[in-house]
Amino acid sequence: MALYLIALGTGGLKSSVSGFGTDQFDEKDEKEKSQMAYFFSRFFFFISTGTLMAVTVLVYLQDEVGRSWGYGICSVSMFVAILIFLSGTKRYRYKKSLGSPIVQIFQVIVAAINKRKMEPPYNVELLYEDTPEATRIHHTDQFHFLDKAAIVAEGDFERNTVSAPNPWKLCSVTRVEEVKMMVGLLPIWATTIIFWTTYAQMITFSVEQASTMERSMGGFQIPAGSVTVFFVAAILITLAVYDRLIMPFWKKWKGKPGFTNLQRIAIGLVLSTFGMAAAAVVEKKRLAVARAAGATTATLPISVFLLIPQFFLVGSGEAFIYTGQLDFFITQSPKGMKTMSTGLFLTTLSLGFFVSSFLVSVVKRVTGGSNDGQGWLADNINHGRLDCFYGLLAVLGIINFVLYLVCAVWYKPRKPKPALQMETIVNGSSAEDKC
């Protein structure tokens, strides 16, 4: 029951907190709008700080004192966090809900399907539009089929009444474009799942590797479950360097506060691929030591610190891809669909773990007859070929990166209106003024 409650709370929290955080920035104010680039990296920095505490302090307390202490500290911490959150209710900016985004998406799809045999007008200005000019989204050429939802036909309006049309029959151009924006996110969404598959393997098999390696540091024995501290440390170091060094340098050189969201995602994918290649090399060396030491050796004479390169590369990759994805899915989604878009981003994490489990099952079945019947993923990793599995993930990472580049080139980000661009030139202010 406790696990289900934690999953339920985490799902609601993660899908809302980042969107609510970006609502605190006024997109019409260029200073505040540019601050969002800093918000994403600092938001993830504090998340990673909490993770670091969990894999160090809490793991130690649970092992040396008792598990009840670990659960108790987490409960008290959450209670304090709730009090801090509630203390700022009068200072928060709130945006009114615009209705269910899922209903809106289905309305556009249903209206387009019902009018699939109709020809669109020769002039897009003839498509239905009732959105105020200030919040209107102009027509784009992608996904023409959805444009049919904005074709005015007989019966779209109720007779003898002056009211809005039936939204299941006729949708405005702005509503259609909002659905187009969500559909346009899907290729990028699909090509980021493989990273979280790599991540899932890193936090499982790497711990298993560490359990067979020499983990002593002075007179202290590092718990195998705590080796992920190197992973979290890599995230924190990368975020700090990016926030304090790269972003200011990029601002002076390019006039932009850091890399674009698509560039950060690309960097994350590249680093994770290199991380898997490094993991394959290290595992090959560990297996050679295991064969030389013999099957009866519990702790191999090889240092656990050899795992640091793979932890650092994948951890740095997560720092880039997490903030890049969060930025991308929030800034490139319609205003009324930010929470749904954040949820879409979080599904890449969950699907990554599902793909990871599926991949492990397939590899076990396909390679079960090789390596003296042990396969690549043997119950005892000293008898398996985990290096080949890591190599497979590296190859999949390369293929996925090529697909991502194709999708990134195809994707057309929504550009700001000329008035906003002029305002940026006139103001010329840096986000660091407020951050």
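Is Phe143 buried, exposed or partly exposed? Phe143 counts as partly exposed, at 28% relative accessibility, where buried means under 20% relative accessible area, exposed over 50% and partly exposed in between, with a 1.4 Å probe and protein chains only.

1. Basis of the note. This is a predicted model, in which local features need pLDDT of at least 70 and side-chain atom pairs count only at pLDDT 80 or more, while totals for chains, interfaces and linings use all residues. Residues are numbered from 1 along each chain as its sequence is written, and side-chain values use heavy atoms, with hydrogens and water left out.

2. The chain as a whole. The chain has 13 helices and 2 strands, these being DSSP runs numbered from the N terminus (helices H or I, at least four residues; strands E, at least two). Of its 435 residues, 42% count as buried. The chain exposes about 23,600 Å², of which carbon and sulfur atoms supply 66%, the areas coming from the Shrake-Rupley method with a 1.4 Å probe, and for residues only the protein chains shown count as cover. Among contacts (heavy atoms within 4.5 Å) between residues at least 6 apart in sequence, 78% join residues at least 24 apart.

3. Phe143. The residue of the opening question, Phe143, is placed in the loop between α4 (101-114) and α5 (144-147), and it has a positive phi of about 50 degrees although it is not a glycine. Most residues other than glycine have a negative phi.

4. Aromatic pairs. The structure holds 21 aromatic pairs; rings of Phe, Tyr and Trp (its six-membered ring) pair if their centres lie within 6.5 Å, and planes under 30 degrees apart count as stacked, over 60 as edge-to-face and the rest as tilted. In one of them, the ring centres of Phe230 and Phe311 are 6.5 Å apart with the planes at 45 degrees, so this pair is tilted. Because Phe230 lies in helix α8 and Phe311 in helix α10, the pair ties together parts that are 81 residues apart in sequence. Phe311 is buried, with a relative accessible area of 1%. Tyr322 and Phe345 form an edge-to-face pair, 5.2 Å centre to centre and with 80 degrees between the planes. That pair links Tyr322 in helix α10 with Phe345 in helix α11 (residues 338-367), 23 residues apart, and both Tyr322 and Phe345 are buried.

5. The largest cavity. The structure holds 4 cavities of 30 Å³ or more, a cavity being a set of points on a 1 Å grid over the protein atoms alone where a 1.4 Å probe fits but cannot get out, and lining residues having an atom within 4 Å of a point. The largest has a volume of about 40 Å³, the space filled by probe spheres set on the points. Its lining consists of Thr238, Leu239, Tyr242, Arg264, Ala319, Phe320 and Thr323, and α8 (229-254) and α10 (308-331) each supply at least two of the lining residues.

6. Ala319. One of the residues that line the largest cavity, Ala319 has its place in helix α10 and counts as buried at 1% relative accessibility. Leaving aside neighbours within four places in sequence, Ala319 is in contact with Phe44, Ile235, Thr238 and Leu239. The C-alpha atoms of Ala319 and Leu236, 83 residues apart along the chain, are separated by 7.9 Å.

7. Lys284. Helix α9 (residues 261-293) holds Lys284, which, neighbours within four places in sequence aside, is in contact with Arg385 and Asp387.

Key:
1 Å grid on protein atoms, 1.4 Å probe; cavity = no way out; pocket = protein on both sides within 12 Å on 5 of 7 lines; lining within 4 Å.
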